[in-house]
Amino acid sequence: MHSISEGLIKAFSLIGSFDADLLKIIFLTLEVSGVALLIATALGLPLGALVGLRKFPLQRVAISLMNTFMGLPPVVVGLFLYLILSRSGPLGFMGLLYTPLAMILAQTILALPIIASLSHSAIVNVDPIIRQASITLGATPVQVTLNIMKEARYGIMSGIIAGLGRVMAEVGAVLIVGGNIAGYTRVMTTTIALETDKGNFELAIALGIILLVLSLAINMFLHLVQRKGALQPIR
Amino acid sequence: MKLNVSDINKSYNGKAVLQDCSVSFEKGAVYALMGPNGSGKSTFLRICALLETPDKGSVEYLSGDSIVRNDIGLRRRITLVLPGVGVFNTTVHKNVVYGLKIRGLSKEEIRRRADSALEFAGLLHKKDHNALTLSTGEGQRLGIARAMVIEPEILFLDEPTVSTDQENTAIIEGIILDMKKKGMSTVIITTHDPAQAERLTDRVLIMRDGKIIEQKSP
Ligand SMILES: Nc1ncnc2c1ncn2[C@@H]1O[C@H](COP(=O)(O)OP(=O)(O)OP(=O)(O)O)[C@@H](O)[C@H]1O
Ligand SMILES: [Mg+2]
């Protein structure tokens, strides 16, 4: 009881004083998750579109693979990446283990299937008449695809935000490949996990509050986007 | 451009929908395609507008005596307004300029054509509304405005007035009659209303069970 109230007071004073360590951890979190999200979107969106709009053999398999990978356990991704990046692993020579780059890689792998899969379902749910109308108006195949993706924009955005929510809150994978090195690879979730372990509650609580606020903000934004997408009356 | 359709056949899942349809559409004339539900009118239009290919037979666009190659260039000279239109989830204005933007026309040209089409279709006051909020009649007018701005040489309209009231029907017929007067475009519409065919068209084609059984004056 004592430690909770004391921890809370100290946590708020940490936040209020813009503690340098705290800010560093927050910035690294945003940087790692932001870059991972960008890469995952750049790869996942075209992938979702391709699987949704082109016919090819094993399409069904590709779709279920995408859906399955959405639920990849983060620790398994972490372990897998660790084995590849560790000194004796196939990519060990690159020296990526315990760097922010390795964490970005892990989060990209976690976000990519979410973005690909949700983009895919947004795109296949676009009314086929949109494709036909685009063609009759003189669109080239690329322009048709872009117009369909534009029509699916709210669903695609939801997928990207859901991806962000997943990577920001994730701890298992980044802990394994990042190592939680102070001032270098510490992000909010890993710091919370390890500081709690050490009994250092104030930093853990301060970060917990901020992470909670960020998650709430992300979820509210997601909700807004979904509402905006759903507001269109159907004729 | 002239359009020659010869001996086209089309089946879906083994069921013949069009059988040996042959017609010539002359430049600048207005045609009505009539016939009972399910007789194949929409399928015929989709094939003429190059949205689908026939199983057999040919769809040839002719400029003078030479066949125009079936490519994006040709597709950009014709257009079809689908039944149900298929408006895009964006403003009325952005719907109208879509065909112009993808053609890379200049800003001034886009503005000039869009303003005049919106005015013509009576949608100027709704240009910033989301197109999905339009009524059925307004949606049909948007479909026609979106097609008109392209200044197509051949315009196919699939049941443009099927669920519109008198006022909207009059506006849409006004647009078609204006195009007829200018003589720039060939217009081919499907309709179930013989009086409308008489008001608008030079020639009526009757379809039944996938065949064109009659071609006559309205
Ligand atoms: N994509 C398709 N797949 C399967 N069958 C189709 C398809 N398109 C049309 N048909 C069938 O082809 C036949 C002709 O349809 P079409 O829409 O061309 O008729 P229509 O003359 O336009 O009818 P309406 O007056 O009701 O609009 C119908 O029996 C329809 O079920
Ligand atoms: Mg029809």
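The model is predicted: local features need pLDDT of at least 70, side-chain atom pairs count only at pLDDT 80 or more, and totals for chains, interfaces and linings use all residues. Residues are numbered from 1 along each chain as its sequence is written, chains are lettered from A in the order in which they are written, and side-chain values use heavy atoms, with hydrogens and water left out.

**Chain A as a whole**

- Chain A has 11 helices and zero strands, where helices (H or I, at least four residues) and strands (E, at least two) are DSSP runs numbered from the N terminus.
- The C-alpha trace of chain A spans about 70 × 45 × 25 Å along its principal axes.
- Of the 235 residues of chain A, 43% count as buried; buried means under 20% relative accessible area, exposed over 50%, and partly exposed in between, with a 1.4 Å probe and protein chains only.
- Among the contacts in chain A with a separation of 6 or more, 74% come from residues 24 or more positions apart, a contact being heavy atoms within 4.5 Å.

**Helix 5 of chain A**

- Helix 5 of chain A covers residues 100-124, and its 25 residues should span 36 Å at 1.5 Å a residue; the end C-alpha atoms are 36 Å apart, which agrees. The expected span is 1.5 Å times one less than the number of residues.
- A bend of about 30° occurs in this helix at A:A111, and a proline, A:P113, follows within four residues. The bend is the angle between axes fitted to the seven residues ending at a residue and the seven starting there.
- Helix 5 of chain A is mostly covered, with 18 of its 25 residues buried.

**The interface of chain B and chain A**

- B:F88, B:N89 and B:Y98 supply 27% of the area that chain B buries against chain A, more than any other three residues.
- The rule finds 10 residue pairs in polar contact across the interface, both residues at pLDDT 80 or more. A polar contact is a pair of N or O atoms within 3.5 Å; within protein, one must be able to donate a hydrogen and the other to accept it, and residues adjacent in sequence count only if both atoms are side-chain atoms.
- The count of salt bridges between the chains is zero, a salt bridge being a side-chain nitrogen of Lys or Arg within 4 Å of a carboxyl oxygen of Asp or Glu.

- A:N180 lies in the loop between helix 9 (172-178) and helix 10 (188-198) of chain A; its phi is near 55°, a positive value in a residue other than glycine, and A:N180 is buried, with a relative accessible area of 9%.
- B:N13, in the loop between strand 1 (2-12) and strand 2 (15-25) of chain B, has a positive phi of about 50° although it is not a glycine; B:N13 is exposed, with a relative accessible area of 83%.
- B:K126 sits in the loop between helix 4 (107-120) and helix 5 of chain B and is buried, with a relative accessible area of 18%.
- A polar contact of 3.1 Å joins the side chains of B:K126 and B:E138.

Terms used: Buried area = accessible area lost by both parts, 1.4 Å probe.
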